[in-house]
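Let's take a walk through a protein model together, one piece at a time.

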Amino acid sequence: MVDAYTMTESVNDEITVRIVYEGRAAKVILDNRKLQEIENYYSRCAEEGANEHQIEESKKATTNMNAILGDPDRLKAVAEDFVTHYEKRVEEGATVKGKAMFVCSSRPIAWKLYQNIIDLRPEWSEVKACEEGSDLSEQEQKEIMSMPRVKMIMTRGKDDPAELYEMLGTKEHRKELDRQFKNPKSNFKIAIVVDMWLTGFDVPFLDTMYIDKPIQRHNLIQTISRVNRKYEGKEKGLVVDYIGIKRQMNLALAHYNKKDSQNFEDIQQSVTVARDHLDLLDKIFHKFDASKYFGGTPLEQLNTLNMAAEFVQMTQELEKRFMYLVKRLKAAYDICSGSEAFFQPERDKIHFYLAVRSVVFKLTKGEAPDISQMNAKVRQMIQDAIESQGVEEIFKLGDDHEKEVDIFDEDYLNKIDKIKLPHTKIKLLQKLLAKAIDEYKKINKIKGIDFSKKMQTLIERYNERREADTLRGEVLEDFTDEIIDLYHALKKEKESFGDLGIDFEEKAFYDILKALTVKYDFAYPEEKLILLAAEVKEVVDDKAKYTDWSKRDDIKAELKADLIMLLAENDYPPVDRDEVYKEIFEQAENFKKWQK
C-alpha cells in the first residue's frame with residue numbers, strides 16, 4: 001500500500017503553504033440559535049443521504065439553511081464585513097495580488113451578495129484596463145482585457161433576471177474570465193463562485209478565500225486548497241469563514257490523515273506572533289525617541305524615519321536582527337491585518353518598523369518588497385518633505401526607476417555628501433559603487449572583477465564594525481573616504497584608455513592581454529600589446545555581428561579559430577597555453593553579451 005502524500009508533508013517540502021483560519025461568523029450572525037442550526041445541519045449532512053427518506057430530509061435541511069444564509073439583513077452584514085476586511089488587507093499590502101474568491105451557497109444568494117457589494121462599492125463594477133498603479137507592456141495590453149474588479153462565475157439560467165443573464169455571459173466569456181483571473185495585473189480581483197472553480201482551478205497568487213457555504217467533507221479540502229499554492233511573497237493562505245466550518249475542516253483533514261488535522265492554524269496564532277515580534281522590536285528601540293514620527297511635521301517624521309534606519313545599522317548584528325524580526329512581523333501581520341485584533345497605536349508602530357525596514361532594504365538591495373506597507377502616511381511625508389539635509393536623497397539617489405544619471409558627476413556626489421547619516425551614506429555609496437562596477441564589468445571583465453574584490457574587502461571590514469567603533473565618528477568617516485577613493489579610482493580607470501591611444505572597448509581587451517602576461521609570466525612589448533588589443537576587438541566585432549551569435553556554435557567556433565590564428569601571427573603568447581586562449585574567449589563573449 002502506498003501512503004497518501006499529506007498536506008502537512010507538502011508544506012514541509014515547501015510545495016504548498018500553510019492555511020490560516022479566520023472565523024467571522026459571529027460578525028454576521030448575532031443570533032446564537034442560527035449558529036446552532038448551521039452546526040446541526042453540518043452534523044446531519046456529514047455524509048451523503050443513503051436512502052430516499054434521508055435525501056428528502058437533506059433537501060429540507062438545505063432549504064432551511066439557504067433561508068438562514070440568504071436573509072437580507074445577514075447578507076447586507078456579510079457584504080459590509082467582506083468589503084471592510086478585503087480593503088484593509090489590500091491597503092496594508094497584505095495580499096500579494098489582491099485576488100480573492102468568495103464562495104456562496106446558491107446562485108440567488110450569490111446574486112444578492114454581489115448587488116450588496118456593488119451598492120457599497122459601485123466603483124468595483126467599473127470596467128478598467130488593469131489594476132491601479134500597473135503599467136502594461138505591449139504584450140500585456142494584448143493579453144489583458146478591461147474588466148470590473150468583481151465578477152460572478154456561474155452558468156446562465158433561462159429564468160435569470162435579464163441583468164444577471166447578461167452579466168454571466170457565454171461559455172466563451174467564462175473561459176476569458178478564467179484567463180483574466182489568472183493574470184496578476186488584471187483588474188478582475190474578486191470572484192464570487194458557487195460550485196465553479198472550487199476544484200482543479202490553480203491560481204498561485206490567490207491568497208484569500210471567503211466561505212459562506214456548507215461544503216461537504218470530501219469537497220472541503222479541495223476548496224480550501226485553492227489558497228495553499230506556493231508563490232513568491234506569499235507566506236500563507238487565508239480562509240475567512242462566515243458560516244462556521246472550523247470543526248468540519250478539522251474532521252475533513254483528519255479523515256485523510258491525522259497529521260493534517262493540524263495543518264491549518266487559527267488566525268489568533270498570527271496575532272500572537274505579530275504582537276510578540278512587536279514587543280521584541282520595541283525592546284530594541286527602547287532608547288530611540290520615535291515620538292516625532294507619530295506626531296511631528298512631515299519633515300520631522302521623515303527625519304525620524306531616517307534616523308531610525310541609521311540606528312539599526314549601528315552594527316551588522318543589530319541590523320540583521322532587526323531585519324529578521326520585521327520580516328517575521330510582516331509575515332504574521334499580513335495574515336491578521338484584516339482582523340480587529342490590533343488597536344490603531346499598534347498598527348502605527350507596525351507601519352513604522354515596516355517603513356524603517358523598507359529604507360534599509362532600499363539602501364542595500366534596491367526596491368523594497370514591502371514598500372506598499374510604508375502606508376499612505378509615510379508615502380505622503382516623502383512627497384511633502386522639504387529638501388533639507390539631504391534626507392530626500394536617500395529615497396531618490398540610485399533608484400532603479402529614476403532616469404539614468406552619471407554617478408561620477410561631482411554634483412551627484414555632492415548631493416550624497418549632504419546626507420548627515422554616516423551608516424546610511426556608506427550603504428548608499430556601496431550600492432551605487434556596486435552598480436558602477438557591475439556596469440564596467442560588462443565591458444571590461446577582468447578590471448571589473450579586480451574592483452569587485454577591492455570593494456568586497458572594504459565591505460567585509462565595515463561589516464565587522466563594533467558599536468564602540470561606530471560611536472567614534474572618524475571610523476565611519478574613514479570608511480566613507482575609502483569608498484569615495486575607490487569611486488575615483490574606478491573613474492580614472494574608465495578614462496585611462498585615452499592615454500594608450502585606443503578606445504574604451506579596445507582597452508578591455510588590452511587589459512586581459514596585459515593581465516595574462518603577468519599571470520603566466522611572459523614578456524610582450526607594450527606597443528605590440530596595444531595594436532593586438534585593437535585587432536582582437538575587430539575580430540570579435542566581425543564574427544559576433546549577428547544577434548544570435550552566442551547561440552550558434554558554428555560562429556563561436558569560427559571566432560575561436562580566428563582569434564587563435566591572430567594571436568599566433570602576433571606570437572602571443574610566446575609559449576602555447578590553452579588557458580590563455582580560454583580567458584580571452586571568455587572576455588570576448590562577456591563583451592559581446594552586453595553590447596546593445
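In which sense do strand S1 and strand S6 pair, and over how many bridges? Strand S1 (residues 18–23) and strand S6 (residues 236–241) pair in the parallel sense, over 6 bridges. Before going further, please remember that this is a predicted model. One place to look is Gly-23, which stands opposite Asp-241 in S6.

Now let's step back to the sheet that holds these strands. It is an open sheet of 7 strands, and their order is S3-S4-S2-S5-S6-S1-S7, with parallel pairing. As a reminder, strands of a sheet pair through backbone hydrogen bonds, either parallel or antiparallel. Which strands stand at the edges? They are strand S3 (150–153) and strand S7 (264–266); each has a single partner strand, so one side of each is left without a neighbour in the sheet. Neighbouring strands of this sheet are also turned against each other, by 25 degrees on average when direction is ignored.

Let's move to S5. This strand runs parallel to S2, joined by 5 bridges, and parallel to S6, joined by 4 bridges. Is S5 mostly covered or uncovered? S5 is mostly covered, with 5 of its 5 residues buried. You can check both faces: Thr-208, Tyr-210 and Asp-212 are buried on one side, and Met-209 and Ile-211 are buried on the other.

Helix H5 (residues 72–91) packs on it, touching S1, strand S2 (100–104), strand S4 (190–193), strand S5 (208–212) and S6. The direction of H5 makes about 170 degrees with that of S5. Helix H12 (residues 267–284) lies across S1, S6 and S7, and runs at about 65 degrees to S7.

At 24% relative accessibility, Asp-348 counts as partly exposed, because buried means under 20%. Leaving aside neighbours within four places in sequence, Asp-348 is in contact with Tyr-293 and Phe-294. Asp-348 and Phe-294 are 54 residues apart in sequence and 7.7 Å apart in space, C-alpha to C-alpha.

Our last stop is a pair of helices. The axes of helix H19 (residues 410–417) and helix H20 (residues 422–443) come within 10 Å and cross at roughly 150 degrees. H19 and H20 are therefore roughly antiparallel to each other, as angles over 145 degrees count that way. Which residues make the contact? H19 brings Tyr-412, Ile-416 and Asp-417, while H20 brings Lys-425, Leu-429 and Leu-432. Sorted by kind, the residues of this contact are 4 nonpolar, no polar and 2 charged.

Technical notes:
Residues are numbered from 1 along each chain as its sequence is written. This is a predicted model: local features need pLDDT of at least 70, side-chain atom pairs count only at pLDDT 80 or more; totals for chains, interfaces and linings use all residues. Side-chain values use heavy atoms; hydrogens and water are left out. Axes are lines fitted to C-alpha atoms, for helices over the stretch in contact, and angles run from 0 to 180 degrees between N-to-C directions. Helices (H or I, at least four residues) and strands (E, at least two) are DSSP runs, numbered from the N terminus. Angles under 35 degrees count as roughly parallel, over 145 as roughly antiparallel, 65 to 115 as roughly perpendicular and the rest as oblique. Contact means heavy atoms within 4.5 Å. Ala, Val, Leu, Ile, Met, Phe, Trp, Tyr, Cys and Pro count as nonpolar, Asp, Glu, Lys and Arg as charged, and the others, Gly among them, as polar. Buried means under 20% relative accessible area, exposed over 50%, partly exposed in between (1.4 Å probe, protein chains only). Two strands pair if DSSP finds at least two bridges between them.
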